[in-house]
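Colleague: I have a protein model open and I'm new to this. Could you show me how to read it, one feature at a time?

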Amino acid sequence: RQLGKKENVMMRKPLATLALAALVSAMVFAGGTQESPGTTGSATVQFVFWATGPDALKGWQKTLSDFQKEHPSITLNYVGVEAPDWGQYIDKVATMIAGGQNPDVMWVATEGVRLLASKSLAYPIDDLVNRDKAELSDYLSDIPQSLLDSFRIDGKLYELPYSYNDMVMWYNTDMFQKAGIARPAADWTVQDFVKIAQQLTTSGGGQPQYGFAVDDGYFTGIVPWLYANGTTLYKNNFSQGNLDDPRVIEAVQFMYDLIYKYKVSPLPGAQGYNPTNAFMAGNLAMFGAGRWPILSFVPEGFTSADIQLWPRWRTQTAEFGVDGFAILRATKNKDVDWTLVKYMTRKNVMSRLVGGKDTPISNIPARISLATTGSIADLVPSHFTVFSDALKDSRSLPNPPDFPRASAIVGRYLSLILSNQVGVKDGLSKANQELNAILQQ
């Protein structure tokens, strides 16, 4: 796990404009051959991770250093795969496997688990969990059921939750206080949200001040509003797109209206607009995100930030994504791999995710005891339990088997709609046609 000051873990970046694919960086740092532990007593685990930044490798090595001490006969080979987002990372690992490379354990989030299952690239772990249920009892009793269930595909469990992010509303406490606006209630509505955003939007001289920043991403943009409006992107077990649903159209129209009708939001990405920087500068009152903004807030000493649940529309269902470690079918040492997976469930290992003032971490530990007590209270936001409260009514982000292409289609058309290059209904209709073409392959 990345533990460096500039860590950039699980930042679910908007997929509207995908960068050119970076080359797979097979950074193997610990040599050795893959042997059966039955012959020599030693084994090598090829551990694949998303190389999110320059400190990624050091972070994983630090996290797993105690594992190496406990299991000196197991050699870890770290294979870092460079990619701009989870979708392309997953796509590249699948390409690696198809090309004959044989990784053993893969760090993978919600976006990729259905792909691994549908292509039979990963083992279900139900038998291993049942076998070691006593050993895992403390962990299993400390994990929200929604996180665990999100890793079940067609009734089979593929991963154990390690960390998660869910979409909440960040608000600038200084801006709220200066405007005489109280902290939003937990059951605030979309109407409350719009009213506050309008109060905190000004267009006078100097830098404009916005009440909210609409996002044109997949996880961070469209899905939170769809869930709040009681709908989603797909239907019939991901075999069809659902973008012709009137509630989808209504939600995207609402996002459009925040920019052009209510005028409380800038155009996403316009002239290099950076919501996090604007938020810290006091020029943006609210934006949606998980815990990752602390990566910017903590190094700058910025504390005028707090969070609340996503505003209620027809529902107040939160969106989340969770990561874990899949055992790939390419492995020759399933039991050795399982030893590594179990190590990552330990409380002392997972506690490092919380971070501190010198090592802010972007994710939330899957163990509820770590997410609601202890050192997580030392960093912003002060109402940090909202992250775990949101899971009480939540759904994982929609993850079709071909997540990379599906998310790219949704992001591309959402960007076109919000930039006024295509109408809401027309854009969603065209996006739905493209979605159906790949979902039904």
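Predicted model: local features only at pLDDT ≥ 70, side-chain atom pairs only at ≥ 80, totals over all residues.

Colleague: Are Phe 193 and Trp 225 buried or exposed?

Modeller: Both Phe 193 and Trp 225 are buried. Ring pairs can also chain up into a cluster, and here one takes in Phe 47, Phe 49, Trp 50, Trp 60, Tyr 78, Trp 86, Tyr 89, Trp 107, Tyr 162 and Phe 325.

Colleague: Trp 107 is on that list. How do I read the strand around it?

Modeller: In a regular strand, side chains alternate between the two faces of the sheet. In strand β3 (residues 105-109), 5 of the 5 residues are buried, so the strand is largely enclosed by the rest of the structure. Val 105, Trp 107 and Ala 109 point one way, while Met 106 and Val 108 point the other way.

Colleague: Which strands pair with β3?

Modeller: One is strand β1 (residues 43-50), which pairs with β3 in the parallel sense over 2 bridges. There, Val 48 stands opposite Met 106. Another is strand β12 (residues 318-327), which runs antiparallel to β3 and is joined to it by 5 bridges. On that side, Ala 109 stands opposite Asp 323.

Colleague: What about a helix? How many residues of α5 are buried?

Modeller: In helix α5 (residues 110-118), 8 of the 9 residues are buried, so this helix too is largely enclosed by the rest of the structure. Among them are Glu 111 and Arg 114. The cover over the buried residues of α5 includes α4 (86-98), β3, β4 (152-153), β12, β14 and α19 (403-418). Just after α5, look at Ser 120, with a positive phi of about 55 degrees.

Colleague: You mentioned β14 as part of that cover. Can we zoom in on one residue there?

Modeller: Buried means under 20% relative accessible area, so Ser 394, at 18%, counts as buried. Its side chain reaches the backbone oxygen of Leu 391 at 2.9 Å. Leaving aside neighbours within four places in sequence, Ser 394 is in contact with Ser 146, Thr 317, Ala 318 and Phe 320.

Colleague: Let me try the approach on Asn 432. Where is it, and which residues is it in contact with beyond four places in sequence?

Modeller: Asn 432 sits in helix α20 (residues 424-439). With a relative accessible area of 7%, Asn 432 is buried. Beyond its neighbours within four places in sequence, Asn 432 is in contact with Gly 241, Asn 242, Leu 243 and Asp 244.

Colleague: Last one: where does pLDDT stay under 50?

Modeller: Over residues 1-40, for which the model has 134 contacts beyond four places in sequence. For the protein chain, the mean pLDDT is 89, and 90% of the residues reach 70 or more.

Key:
Residues numbered from 1 in each chain as written. Heavy atoms only, no water. Buried < 20%, exposed > 50% of the residue type's maximum accessible area, 1.4 Å probe, protein only. Contact = heavy atoms within 4.5 Å. Phe/Tyr/Trp six-rings, centres within 6.5 Å; stacked < 30°, edge-to-face > 60°. pLDDT = per-residue confidence, 0-100. Pairing = 2+ DSSP bridges. Polar contact = N/O pair within 3.5 Å; in protein donor to acceptor, adjacent residues only side chain to side chain.
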